[in-house]
Amino acid sequence: MKKRLEKLWREYLAEDCSSVETEEERSLLRKTSELHRIATDLLTKEQSEAIEKYVDSLCDVQSFFLKKAFLKGCEFTSTFLCEACNFGKL
């Protein structure tokens, strides 16, 4: 079951969550890109590399907890649905 949820997570993330579809998403990406450019211009190469590593680490942590929340949500949903179906049979 966990392998199926892992596969669902990978496919869901790759296909649905990473596509840019709305103007709000495009606007956020433009803002992020501009802020990155400004910060890079203000920092030395060493400082910029340190910040990049820090941001990469934050992204890794966020990705880990998003995946964990997704998997827990799937587990909760399946348990809830099974119990709800059995409740009607009592």
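1. Start with Arg 37. Arg 37 is partly exposed, with a relative accessible area of 42%. This is a predicted model. The side chain of Arg 37 meets that of Asp 41 in a salt bridge, 2.9 Å from N to O. Asp 41 counts as exposed, at 55% relative accessibility.

2. Arg 26 and Glu 23 form a salt bridge at 3.5 Å, N to O. They sit 3 residues apart in helix 2, which means a separation of about one helical turn. Arg 26 is partly exposed at 34% relative accessibility. Glu 23 is partly exposed too, with a relative accessible area of 46%. Salt bridges link Glu 23, Arg 26 and Arg 30 in a network.

3. How many salt bridges does the count come to? The count is 6. One of them joins Lys 67 and Glu 6, whose closest N and O atoms are 2.5 Å apart. This pair links distant parts of the chain: Lys 67 is in helix 3 and Glu 6 in helix 1, 61 residues apart. Lys 67 is partly exposed, with a relative accessible area of 26%.

4. Now the aromatic rings. There are 3 aromatic pairs by count. In one of them, the ring centres of Trp 9 and Phe 70 are 5.0 Å apart. Their planes stand at 45°, so this pair is tilted. Trp 9 lies in helix 1 (residues 2–17) and Phe 70 in helix 3, so the pair ties together parts 61 residues apart in sequence. Is Trp 9 buried or exposed? Trp 9 is buried, with a relative accessible area of 10%.

5. A further pair is made by Phe 64 and Phe 65, and it is edge-to-face. The centres are 5.3 Å apart, with 85° between the planes. Phe 64 is exposed, at a relative accessible area of 52%. Phe 65 is partly exposed, at 48%.

6. Look next at the nonpolar patch on the surface. Its members are Leu 35, Ile 38, Leu 42, Leu 43, Ile 51, Tyr 54, Val 55 and Leu 58. Together they have about 730 Å² of accessible area. Helix 2 (23–42) and helix 3 each supply at least two residues of the patch. Which helix gives the most? Helix 3 does, with 4 residues. Leu 35 belongs to helix 2. Leu 35 counts as partly exposed, at 49% relative accessibility.

7. Ser 48 is in helix 3 (residues 45–87). Ser 48 is buried, because its relative accessible area is 14%, under the 20% limit. Leaving aside residues up to four places away in sequence, Ser 48 touches Thr 40 and Leu 43. Leu 43 is also one of the patch residues.

8. Cys 82 is in none, and the nearest cysteine sulfur, that of Cys 85, is 6.8 Å away. A disulfide would need the sulfur atoms within 2.5 Å. Cys 82 is partly exposed at 49% relative accessibility. Cys 59 is partly exposed as well, with a relative accessible area of 41%.

9. Last, Gln 62. Gln 62 has its place in helix 3. Gln 62 counts as partly exposed, at 48% relative accessibility. How far apart are the C-alpha atoms of Gln 62 and Glu 11? They are separated by 18 Å, and the two residues are 51 apart along the chain.

Technical notes
Residues numbered from 1 in each chain as written. Predicted model: local features only at pLDDT ≥ 70, side-chain atom pairs only at ≥ 80, totals over all residues. Heavy atoms only, no water. Buried < 20%, exposed > 50% of the residue type's maximum accessible area, 1.4 Å probe, protein only. Contact = heavy atoms within 4.5 Å. Patch = residues over 30% accessible without salt bridge, like charges linked within 9 Å, V, L, I, M, F, W, Y side chains within 5 Å. Areas by Shrake-Rupley, 256 points an atom, 1.4 Å probe, with all protein chains shown as cover. Salt bridge = Lys/Arg side-chain N within 4 Å of Asp/Glu carboxyl O. Phe/Tyr/Trp six-rings, centres within 6.5 Å; stacked < 30°, edge-to-face > 60°.
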